[in-house]
Amino acid sequence: MQRMSGLLVGAVFGAVFVVVNAQEPLGGAVAAVLRVLAGLAAASVVAMWFVAVRRERPVREQGPGMFGKGYLVVVAAEAVLLFGGLRVLAAWGVPAQANVAWVAFVVGVHFVALAPIWKDWAIAVPGAVLTVLGVAGLVMAATAGLAWVPFVSGVLSGAVLLAGSVTFGWRAIRSAPAGVPVRA
């Protein structure tokens with residue numbers, strides 16, 4: 001159940017990435033379609049989460065869970081890097097469009113750092129992709145491609161989070177019989 005909750009968090013943040021960053025230079029219709037698709041993807045993960053909750057009621061998972069000391073250390077470092085980095089970018093006069101690139105970079109690194117802690121290498125893949133999209137956006141922020149940074153680092157990062165959440169959620173729901181904890 002904890003893993004499904006993690007997928008739910010990933011889907012919500014993925015949808016936020018898309019909704020906030022689907023803007024110019026994308027056309028209004030394209031941006032609207034991307035926002036609707038993000039909402040539908042996030043809603044599907046919410047639905048899968050409810051299915052997992054209903055299936056799990058008779059049986060509870062045992063063990064320390066995903067949110068132990070290692071997780072807390074990574075999240076604390078993430079918060080410091082995220083907010084500290086945004087302040088540094090602002091102090092350096094970096095265009096505001098680069099902020100989403102920094103967020104994507106830090107979130108990506110956080111997934112990569114959590115992979116060995118959770119012993120779940122599947123999360124390293126979206127983590128690496130978000131890291132690359134963040135670096136790409138930071139590089140683009142210093143070029144004529146500045147207007148595309150929110151799309152590259154925001155919309156595409158959101159799409160990666162949503163695609164991963166939907167895919168792993170669907171696999172977990174399909175593979176777990178009723179009464180057995182759903183593991184994503």
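Me: Helices (H or I, at least four residues) and strands (E, at least two) are DSSP runs, numbered from the N terminus. Where does that numbering put lysine 119?

Reply: Lysine 119 sits in the loop between H4 and H5. This is a predicted model, in which local features need pLDDT of at least 70 and side-chain atom pairs count only at pLDDT 80 or more, while totals for chains, interfaces and linings use all residues. Residues are numbered from 1 along each chain as its sequence is written, and side-chain values use heavy atoms, with hydrogens and water left out.

Me: Why is lysine 119 called exposed?

Reply: Exposed means over 50% relative accessible area, buried under 20%, and partly exposed in between (1.4 Å probe, protein chains only). Lysine 119 has 70%, so it counts as exposed. Its phi is near 55°, a positive value in a residue other than glycine.

Me: Why is methionine 66 called buried?

Reply: Its relative accessible area is 12%, therefore it is buried. Methionine 66 lies in the loop between helix H2 (28–56) and helix H3 (69–91). From arginine 3 it is 63 residues away in sequence but 7.7 Å in space, C-alpha to C-alpha. Across the protein, 39% of the 184 residues count as buried.

Me: What confidence does the model carry?

Reply: On pLDDT, the predictor's confidence in each residue from 0 to 100, the protein averages 88, and 89% of the residues score at least 70. Helix H1 (residues 2–21) has the lowest mean, 88, and helix H5 (residues 124–140) the highest, 96. Where pLDDT is low, the predicted coordinates should not be read in detail.

Me: What makes a space a pocket rather than a cavity?

Reply: On a 1 Å grid over the protein atoms alone, a 1.4 Å probe fits in a cavity but cannot get out, whereas a pocket is an open set with protein on both sides within 12 Å along at least five of seven lines; lining residues have an atom within 4 Å of a point. The largest pocket here holds about 780 Å³. Of its 32 lining residues, Gly6, Val9, Gly10, His110 and Phe111 are the closest to its centre. H1 gives the largest share of the lining, ten residues.

Terms used: Points joined across faces, edges and corners; volume = space filled by probe spheres on them.
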